[in-house]
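Visitor: I am new here. Please show me how to read this one.

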Amino acid sequence: MKSLALAFKQSKKLIFCIAAAYILCVIVCAIHISDVSKDNAESVKEAVEGDISLAVRMTQSIYSDVADYVKTCADKVASAGEIDINTLSSILASADSSNYFKKTLYIHGGHAYGEDGIDNSEQAKLIMQTILADGEMMKRNYFIDSQDAAGQYDLLIPVKVTDARGDEGIFVAVYDISEQFKLSTYTAVQENVQLYMIGGDGIILADSKNDSFKDKKLTSSNFFTRLLTMVDGSNSSKTLVQELRASIYKKEKHEAVLNSKLLGTDEIYVDTISIRDADELAFICMYDFKSLAASKNKTVTRTWFVLGIILLATLAANIFIWNYLRNVTSRIEKMAYVDDVTKGRNLNYFRNEAMNIVKQYSEMPYLIQRFDISNFRYLNEAYGHIRADEILKACVDIYDEIYSDREVCVRMSSDQFVTLTINDTDVDKKRDHYEAKINEFARSKGIRYPIRLKFGIYQIRKTDTDIDVIVDRANVARKSLARSKTEFLAVYSDNIVQNMRKTEAIEADKEKALQTGEFKVFIQAKWDIINDCVAGGEALVRWIKADGNMVFPDEFIPVFEENGFIEKVDFYMLESVCKRMAEVKEAGGTIYPISVNQSRVLLNNPDYIEKVKSIFEKYDVPREFVELEVTETSLADNKEHMIGVLNDLKNEKVRLDMDDFGSGYSSLNLLKDMPFDVLKIDREFFSESITSSSSTLILQKIVEMASGLGIEVICEGVENQQQVDLLKEIGCKRVQGYFYAKPVPMEDYIKKYCKVG
Ligand code: C2E
Ligand code: CA
Ligand code: CA
């Protein structure tokens, strides 16, 4: 889990790094492209200016040619001497045929003369009016509406003439300026650049019909009116337009940058260039710098576009990878943090969370509880794993129901649980309530078997930091209960640790102890209370260590039963007893039957019968000299099998004692089904009988019934005369207890009772 979290963290870092590196690249590229586009923008401007100046120069030169030619024609009239109609007509005809002009006129004496004489046409009248209106202040050019098409203008170039007689007239050439304009601008001016030729206070004589400035609102025939429609209307913009207008009168080249909301751009360049020698005749060039720069800069645009696509694609890829990783991680986290059986949290979660909670609520005293269900195996076998799993799930659910959200319970494995629980004053009550609720649930599921939880508890200290260590400590406490049938709760303590160490030492030293003969046979005599004499003995193992310290079976037998070593000990005891009794018999001593304890583990060994037989045969011990003791509880587990084993022993004529009768769930049925010769009544059962009359009665009935079945009864743990008297009263003939004899080394027993040694 840790490595998973780390992997995700690292991937996150990696994604961040890639994204950062990418954004850096984009910024560098953007700066670069912006430089390139700036250069390009500059070069676009230069190109536009170059184009315009070419167009202006062409127009300029043609205008001066035309103006010169008009002058030449005028000079012809002036130098013609006497002007008569014919001379005038021929001069005008030759001018007209030059193809420079649409037509030529000579205004004299209130008439306009054309090549055909007096021209009384409306156009001629208009020309005459226009030119004569200024009188002496005649300009170098005038403009009139062209008859050819609406919105088109003709340029009039008038030249004053004084003829030979001293009469004054005006020679006028009508020039098709729009045609000329087209010629000048057709190839020279770039797309997206609008070029206007204006005259007479802004009248548009011709334009380059640029689409980008075509707008319905820009319909005025006056350029400056159009411009005012187009700009944002602010005072500063109006001033700029006025300055442009003035520049034409001053014949200055002028440039302004305007902001047009109408066209959606803030960088409209307007340049005015006056035509030399012409009055009010000027070029105006107008272009949207940005779109021009952009359209002229397709590579840059394309690069921006590609960069944008890559940016989006990378962003999308990063988002996708990010989401994917997040999803995968959350799925794995879920898998890693959820317990399959209980659907609650699992140990991984607990390990991550427990210490966080403890730190967060540091003022709270916290416990770790490790618990399991005693005899869970039985629950599984008797009720099936589905119902057993329901109980496991209930353990978590009920915990969550009863305890606060600052407390956690998770299943670790099989029937093992761990909890983080607040150690308040109610902790014990709550634990009992918890267990009661689980039992309630079990009953509701038809499970009648009582569910007992075994708790190992560890009180977390401020100095504890490692969750695994503290869970282990709670587990050490829990394990200390493993062999106890009566204790269900243990708190971690030094004592428990010491015991744990002892157990470990027992495990480690056992083989060597067996080889070096540290296991010794002790015998406790059994007594005939009717005749007051010895009636036999029970072999009890003692572990006498090299240093002389004696270890009692209560300490090591449960350990050996768990690890199976008890088999070796039991056979060792049986063989030692058989061997010694054979020797005693050989030596002519008195033999009383000695019973030897046989553990449940031993009885499950398939070679058991053979081995017992071989020991008996090896030492040729009469069967009545040695008895085998089997505890009542070891029979309960696998009854059929045990009956089989006991019957096999019986067939070998081995005498059998049922040990510890009355210590477990006593069943007289066992006596009926199993071939026992002796019934040993447990010390606990017997001591109760002393104080309770009903127990005495039961004891009496057991003795009677056993006698009826031909089974001998021995009462264990007799410690005083009072007990002996009671036993006599109820018909018990034999006893075993400290009142008569304590367990003593076998050699002492032999010396004392067998009269050899
Ligand atoms: P057990 O078979 O019930 O043995 C009787 C135990 O009661 C012995 O304890 C004995 O010393 C004790 N005892 C006898 N009379 C009295 C009395 O008047 N008062 C009291 N308080 N105790 C009395 P021990 O020797 O410590 O053995 C304990 C248990 O260990 C035995 O109980 C038996 O179950 C097991 N055990 C002992 N030796 C062997 C062995 O060789 N093999 C196996 N499998 N188990 C053994
Ligand atoms: Ca015994
Ligand atoms: Ca016993």
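**Strands and a metal site**

Guide: Strand β7 (residues 193–199) and strand β11 (residues 282–288) run antiparallel, joined by 6 bridges. Strands are DSSP E runs of at least two residues, helices H or I runs of at least four, numbered from the N terminus. This is a predicted model: local features need pLDDT of at least 70, side-chain atom pairs count only at pLDDT 80 or more, and totals for chains, interfaces and linings use all residues. Residues are numbered from 1 along each chain as written, chains are lettered from A and ligands numbered from 1 in written order, and side-chain values use heavy atoms, without hydrogens and water.

Visitor: Which residue stands opposite Tyr-196?

Guide: Strands of a sheet pair through backbone hydrogen bonds, either parallel or antiparallel. Here Tyr-196 faces Ile-284 in β11.

Visitor: What is the order of the open sheet of 5 strands?

Guide: Two strands pair if DSSP finds at least two bridges between them. The order is β8-β7-β11-β10-β9, with antiparallel pairing. Strands β8 (203–207) and β9 (254–260) are the edges, each pairing on one side only.

Visitor: Which residues coordinate the calcium ion (ligand 2)?

Guide: Donors are N, O and S atoms within 2.8 Å of the metal (3.2 Å for Na, K and Ca); water is not among the atoms, so sites may look incomplete. Glu-538 (OE), Asn-597 (OD1), Glu-629 (OE) and Asp-659 (OD) coordinate this ion at 2.0 to 2.3 Å. Asp-659 also bridges to the calcium ion (ligand 3); the two ions lie 3.8 Å apart.

Visitor: Is Asp-659 buried or exposed?

Guide: Buried means under 20% relative accessible area, exposed over 50%, partly exposed in between (1.4 Å probe, protein chains only). Asp-659 is buried, at 4%. Asn-597 is partly exposed, at 25%.
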